[in-house]
Amino acid sequence: MGNDHLTPDYIFESSWEVCNKVGGIYTVLSTRAKTLQDRMRDRIIFIGPDFWKDKESPYFKEEKSLFAEWQWEAKKQGVSVRVGRWTVPGDPIAMLVDFQPFFEKKNEIYGWLWEHYGVDSLHAYGDYDEASMFSYAAALVVESFYNFHVSKETFDNSTKIVYHANEWMCGLGALYINNRLPQIATVFTTHATSIGRSIAGNQKPLYDYLFAYNGDQMANELNMQSKHSIEKQTAHHVDCFTTVSDITARECVELLDKPVDVVLPNGFDDSFVPKTVTFTRKRRAARRRLLQVANALLGEQLDDDTLIVSTSGRYEFRNKGIDVFVEAMNRLLRDKDLKRKVVAFIEVPGWVGEPRKDLQERLDSPINVYNTPLEVPQVTHWLHNMSHDNVLGMLKYYDMHNRKEDQVKVIFLPCYLDGEDGIVNMTYYDVVLGNDLCVYPSYYEPWGYTPLEAVAFKVPCITTDLVGFGLWANSVFGHYGEITDGVKVIHRTDYNYSEVADAIKDTVAGFSILSQKEVDACRKKAGALSKKALWSEFIKYYDEAYDIALRKAEQRKQSI
């Protein structure tokens, strides 16, 4: 970083996923926290929603002594906030705010938003109100904190402060800060445009027609007016507008009518990747458990020579490429060149009911060899919507019933792998270690943490060039990634679903005949690639964003 860069004295970063583990943004923020905390000890402050109130949260440890005097002041102002530490590497300060009291002022807040920024909140539904009230409350936290410290003369006009808002859910707060505290620099990151995700999720071709789509028009068509409106106006009014990949940057230009100022690729903190002896032990334990589950469910005796393959992520059937993964496994099932047995896990949280009692009984029994499969040997947990589930429906359509003679077995693990699911009882990071290959053939994936996590655990993976991570991997390699590079990157378009399925099938079949030496080389290269995506490598892009935002704030200060 050059000496002429402006650097913040304080950063406030707000997100719906601060101390609230619901998606990929939790991983972005929680893994980046240590890098910023090491640099700015307790001057990086995360703001999230307080869902736990008096209950104990696994992600937050309250410390009432932190900013105790200000907390009382904030309470007098009607801002109820708990201060403590986010229980992630670095233990950064986190503030959890109760946003419920602001619902009674909702119409007044939306009126202000329309008057000052032309944001359309009339068409709000679903999570729009909840997110907006949190965003407003988060901004009040910063306003209260700032004014308190100005009154105490710990902040003055030379104090450089950045407010970083993540996703449309935090847009209202960024606009409030922009309006009420112009001396604070604002950064906004859209991790996926709301309208781009909606176009893709509604089975419309996104990429070939991106140049022709009008974001406002599509928002009307898809009933996304309010989310699109807050996202677009925030992008246009903050000091620095950012996104996470070149793919999403193109969406921003076309759908939000605003080019990004900086692309902020998502880095990784590998402090929780086990080392050497522990790594080997955990990998063996994961393989053993996955094969135990498969054998108990299928009535098989699959051994350690079985190729373990998986896909995982949110249950977005088309966007995450779950459909093309099943298609590829169906084709692999009929591939005469496949020389090893394959068990393919779909680790995607569905509308899960309960763990299967019959499977639990087999897993708990001293008898560990079974010759007959359980009923419905494709799923580990019962679902509330068994007859309307996309994965089970596609398996049924293709007559994939995990028969004895099938070389490829597909098993749906439809729950969060938090270590307490009742069947696998291992966390996702412990499970991913056991894979031979991971497959993430997404159609819509702005960055893609799952492939990055896989390679961090030295598991080679297959992904596409519609994934931000896949594009980045290609740029590192200088060519389209092959499995021998640690990551196979498949070209994917709006219309080449069948070719993608074939490429996955061929890659898995090819991997199945590699020698142990060749597999070890693939694994080594996968691990090496992940080192190039550590936050220590990517934090420079954030420095650039902070600099851009702070320079604009400096110009404003001079004109005030």
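This is a predicted model: local features need pLDDT of at least 70, side-chain atom pairs count only at pLDDT 80 or more; totals for chains, interfaces and linings use all residues.
**Exercise 1.** Work out the strand order of the open sheet of nine strands, then find what packs on strand 7.

*Solution.* 
- Start with the order: reading across, you get 3-4-5-2-1-6-7-8-9, and the pairing is mixed.
- Next, check the ends. Strand 3 (60–62) and strand 9 (262–263) are the edge strands, each pairing on one side only.
- Now zoom in on one pair. Strand 6 (residues 161–166) runs parallel to strand 7 (residues 185–190), with five bridges between them. If you want a landmark here, look for Ala165, which sits opposite Phe188 of strand 7.
- Helix 9 (residues 246–255) lies across strand 7, strand 8 (240–243) and strand 9, at about 130° to strand 8.
- Helix 19 (residues 535–559) also packs on the sheet: strand 7 is one of the strands it touches, along with strand 1 (10–14), strand 6, strand 8 and strand 9. The direction of helix 19 makes about 140° with that of strand 7.

**Exercise 2.** Describe the second largest pocket: its volume, its lining and the make-up of that lining.

*Solution.* 
- Volume comes first: the pocket holds about 610 Å³ of space.
- Count the lining next. There are 27 residues, and those nearest the centre are Phe279, Arg283, Arg287, Lys458 and Arg523.
- Ask where they come from. Helix 10 (276–298) and helix 18 (516–531) are the elements giving two or more residues, and helix 10 has the largest share, with eight.

Methods:
Residues are numbered from 1 along each chain as its sequence is written. Side-chain values use heavy atoms; hydrogens and water are left out. Two strands pair if DSSP finds at least two bridges between them. Helices (H or I, at least four residues) and strands (E, at least two) are DSSP runs, numbered from the N terminus. Contact means heavy atoms within 4.5 Å. Axes are lines fitted to C-alpha atoms, for helices over the stretch in contact, and angles run from 0 to 180 degrees between N-to-C directions. On a 1 Å grid over the protein atoms alone, a cavity is a set of points where a 1.4 Å probe fits but cannot get out, and a pocket is an open set with protein on both sides within 12 Å along at least five of seven lines; lining residues have an atom within 4 Å of a point. Grid points are joined across faces, edges and corners, and a volume is the space filled by probe spheres set on the points. Ala, Val, Leu, Ile, Met, Phe, Trp, Tyr, Cys and Pro count as nonpolar, Asp, Glu, Lys and Arg as charged, and the others, Gly among them, as polar.
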